[in-house]
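Subject: Structure for you to look at

Hi there,

Here is the structure I promised to pass on. Have a look at it first, and then read on for what turned up.

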Amino acid sequence: MTHQTTNTANSDGPGLASVRGISVSYTDRGAGCPVLFIHGHPFDRSMWEPQVRALAGRGYRAIVPDLRGYGRSTVVPGVTSMDTLARDLAALLDHLELDVVNVVGLSMGGQVALEMYRLFPDRVDSLTLAATNPMPETDQGRLSRKRMAARLREEGMRGYADEMLVGMMTAENVRDLPAVADHVRAMMYAAPPEGAAAAQLGRAERPDHTPLLKRISAPTLLLVGQHDGFTPPGGAELMHVQVPDSVVEIIEGAGHLPNLERPDRFNEVLRRFLEQARTRSRAL
């Protein structure tokens with residue numbers, strides 16, 4: 001593997017890359033070991049700001065894109081598959097002249113991270129999967145996502161966001177962390193309905209990544225919130241059994257967004273894992 005560990009194209013301001021016929025908006029901050037952060041639905045790259053602050057400039061280079069259809073990246077109507085999102089990110093790495101990165105994904109972002117590993121295993125130095133379900137959608141889940149996509153296109157994001165805030169975060173954290181709750185709500189309100197709908201339709205048809213788990217050779221961190229109702233801790237434990245070189249961390253007091261609900265603990269666990277992975281990579 002070729003490791004890109006120096007240089008940063010851009011400091012605090014967003015970059016814009018023309019890849020695969022679209023524009024991808026991204027933040028590229030810090031210098032050192034590169035870490036690619038992949039946000040979940042229906043969010044944008046700002047969900048990773050606590051992690052960028054913790055890592056960038058401390059030996060790490062944080063690359064944080066808005067996925068196709070989200071944030072300031074191009075919205076493409078139709079169906080956006082996990083394969084499409086993974087290939088967009090590989091093209092962004094090409095644009096940045098990065099061969100190999102550490103990949104961190106949460107929820108849908110974790111599914112995109114798994115798809116990246118399936119397509120481009122040699123480009124993934126380590127894998128962090130937070131609040132991630134590797135299984136394909138159920139029949140009921142497919143129907144639900146298709147209905148939701150139609151609703152988002154018809155009604156926009158606001159009603160959906162209000163309904164989903166408790167669930168994305170625990171009710172206690174919505175009450176006790178008002179600034180975090182405001183940020184999560186604002187990201188959901190701002191998500192382009194057409195882009196969010198296209199990704200929902202893509203997730204409805206997402207592949208089964210469970211056969212991939214036992215073939216993952218990269219060091220893997222499995223993170224989950226203690227009170228996550230969408231991807232409960234038991235799912236991470238099941239993945240741990242299947243991924244050969246994996247560790248599990250359950251973030252106490254967090255729901256589906258442990259990186260925002262308990263950022264200090266999340267950052268501590270992530271930094272320790274990345275340091276260990278980097279040490280092992282150097283030894284090899």
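To begin with a question: which strands and helix do the buried residues of helix 10 pack against? Before the answer, please keep in mind that this is a predicted model. The buried residues of helix 10 make their contacts with strand 6 (124-130), strand 7 (220-225), strand 8 (246-251) and helix 9 (210-213). Helix 10 itself covers residues 233-242, and Pro-233, Ala-236 and Met-239 are buried in it. Viewed down the helix axis, the buried residues fall within an arc of 115°, so they line one face of helix 10. Leu-238 and Val-241, on the other side of helix 10, are exposed.

Next, the nonpolar cores. The largest one has 50 residues, and the members that touch the most others are Leu-36, Ile-38, Val-103, Val-112, Leu-127 and Ile-216. As general background, nonpolar side chains in soluble globular proteins tend to be buried together.

- Arg-29 and Glu-49 form a salt bridge whose closest N and O atoms are 3.1 Å apart. Arg-29 sits in strand 2 (residues 22-30) and Glu-49 in helix 1 (residues 49-55), so the pair ties together parts that are 20 residues apart in sequence. Arg-29 is buried at 18% relative accessible area, whereas Glu-49 is partly exposed at 26%.

- Arg-68 and Asp-88 form another salt bridge, with 2.8 Å between the closest N and O atoms. Arg-68 belongs to the loop between strand 4 (60-65) and helix 2 (82-95), and Asp-88 to helix 2, so this pair too ties together parts that are 20 residues apart in sequence. Both Arg-68 and Asp-88 are buried.

- Arg-118 and Asp-83 meet in a salt bridge at 3.9 Å, N to O. Here the link runs between helix 3 (residues 108-119), which holds Arg-118, and helix 2, which holds Asp-83, 35 residues apart. Arg-118 is partly exposed at 40% relative accessibility, and Asp-83 is partly exposed at 23%. Asp-83 and Arg-118 also belong to a network of salt bridges with Arg-87 and Glu-115.

Terms used:
Residues are numbered from 1 along each chain as its sequence is written. This is a predicted model: local features need pLDDT of at least 70, side-chain atom pairs count only at pLDDT 80 or more; totals for chains, interfaces and linings use all residues. Side-chain values use heavy atoms; hydrogens and water are left out. A nonpolar core is a set of buried Ala, Val, Leu, Ile, Met, Phe, Trp, Tyr and Cys residues joined through side-chain atoms within 4.5 Å. Buried means under 20% relative accessible area, exposed over 50%, partly exposed in between (1.4 Å probe, protein chains only). Helices (H or I, at least four residues) and strands (E, at least two) are DSSP runs, numbered from the N terminus. The arc is that of the directions from the helix axis to the C-beta atoms. Contact means heavy atoms within 4.5 Å. A salt bridge is a side-chain nitrogen of Lys or Arg within 4 Å of a carboxyl oxygen of Asp or Glu.
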